Amino acid sequence: GIIMFKKIIAFFLTAIISVSFLGTSVSAEMFDSKEEPIYTVDYLYTYSCTSMLAISGGTATCISELDGYYGETTSIYVCQVLQKQTSNGWTNVSSWYGSTNNYYISVTNYKSSLTSGTYRVVSYFTVYAGSNSESVNKISMTRTC
């Protein structure tokens, strides 16, 4: 069907993009190159998503982005959570919400006065195509403060 066709197209686009990115440097040095968007064929309404964290001078910059399909993805909701590592897992430090009635969302939030430790950003996306939806969760690389 059309969805399988789109998945195949997305897969080949990914292959082309991956090849074209080889040998290019990431200009945003605060972010790890491994945090470039993950292009996936595992989802119906999600083309790519990323969850990024940078920490500088005790301030965290948290970025959550998701790109759906034009003409198919109708709205996106995201809950962005900054977490700190503890002895028994991860604890929430701050959370933010964002939404769009579009096929692309990008949310950036800041948290200052961080205490020393290891942090990450978890992005919980809900992606809609009309009345259908899917959940996509993405965890950033960890950063220390």
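Apart from neighbours within four places in sequence, Tyr103 is in contact with Leu66, Asp67, Gly68, Tyr69, Tyr70, Thr73 and Ile76. The model is a predicted one. Tyr103 sits in the loop that joins strand S5 (89-100) to strand S6 (104-111). With a relative accessible area of 29%, Tyr103 is partly exposed. The C-alpha atoms of Tyr103 and Ala129 lie 9.1 Å apart in space, while the two residues are 26 apart in sequence. Thr100 belongs to strand S5. Thr100 has a relative accessibility of 18% and counts as buried, because the limit for buried is under 20%. When residues up to four places away in sequence are not counted, Thr100 touches Thr74, Ser75, Ile76 and Ile105.

The protein contains one helix and nine strands. Along the sequence these elements follow the pattern α-β-β-β-β-β-β-β-β-β. Of the 145 residues in the protein, 41% are buried. Among contacts between residues at least 6 apart in sequence, 62% join residues at least 24 apart. The accessible surface amounts to about 8,200 Å², and carbon and sulfur atoms account for 54% of that surface.

Confidence was examined next. The average pLDDT of the protein is 82, and 72% of the residues score at least 70. Over residues 15-34, pLDDT stays under 50, and the model has 16 contacts beyond four places in sequence for this stretch. Where pLDDT is low, the predicted coordinates should not be read in detail.

In soluble globular proteins, nonpolar side chains tend to be buried together. The largest nonpolar core here has 11 residues: Tyr45, Cys49, Leu66, Ile76, Val78, Ile105, Val107, Phe125, Val127, Ala129 and Val136. At least two residues of this core come from each of strand S4 (75-86), S6 and strand S7 (118-129). S7 provides the largest share, three residues. Tyr45, a member of this core, touches Gly68, Tyr69, Glu72, Thr73, Val127, Ala129, Asn132, Ser133 and Glu134, with residues up to four places away in sequence not counted. A second, separate core has nine residues, among them Leu53, Cys62, Trp96 and Val121.

The structure holds zero disulfides. Cys79 is buried, at 17% relative accessibility, whereas Cys145 is partly exposed, at 33%.

Three aromatic pairs are found in a search of the whole structure. In one of them, the ring centres of Tyr70 and Tyr103 are 5.4 Å apart and the planes meet at 80 degrees, so this pair is edge-to-face. The pair links distant parts of the chain, 33 residues apart: Tyr70 is in the loop between strand S3 (59-68) and S4, and Tyr103 is in the loop between S5 and S6. Tyr70 is exposed, with a relative accessibility of 70%, whereas Tyr103 is partly exposed.

Tyr77 and Tyr128 also form an edge-to-face aromatic pair, with 5.8 Å from centre to centre and 80 degrees between the planes. Tyr77 lies in strand S4 and Tyr128 in strand S7, and the pair links these distant parts of the chain across 51 residues. Tyr77 is partly exposed at 42% relative accessibility, and Tyr128 is partly exposed at 27%.

Key: Residues are numbered from 1 along each chain as its sequence is written. Side-chain values use heavy atoms; hydrogens and water are left out. Helices (H or I, at least four residues) and strands (E, at least two) are DSSP runs, numbered from the N terminus. Buried means under 20% relative accessible area, exposed over 50%, partly exposed in between (1.4 Å probe, protein chains only). Contact means heavy atoms within 4.5 Å. A nonpolar core is a set of buried Ala, Val, Leu, Ile, Met, Phe, Trp, Tyr and Cys residues joined through side-chain atoms within 4.5 Å. A disulfide is a pair of cysteine sulfur atoms within 2.5 Å. pLDDT is the predictor's confidence in each residue, from 0 to 100. Accessible areas come from the Shrake-Rupley method with a 1.4 Å probe; for residues, only the protein chains shown count as cover. Rings of Phe, Tyr and Trp (its six-membered ring) pair if their centres lie within 6.5 Å; planes under 30 degrees apart count as stacked, over 60 as edge-to-face and the rest as tilted.
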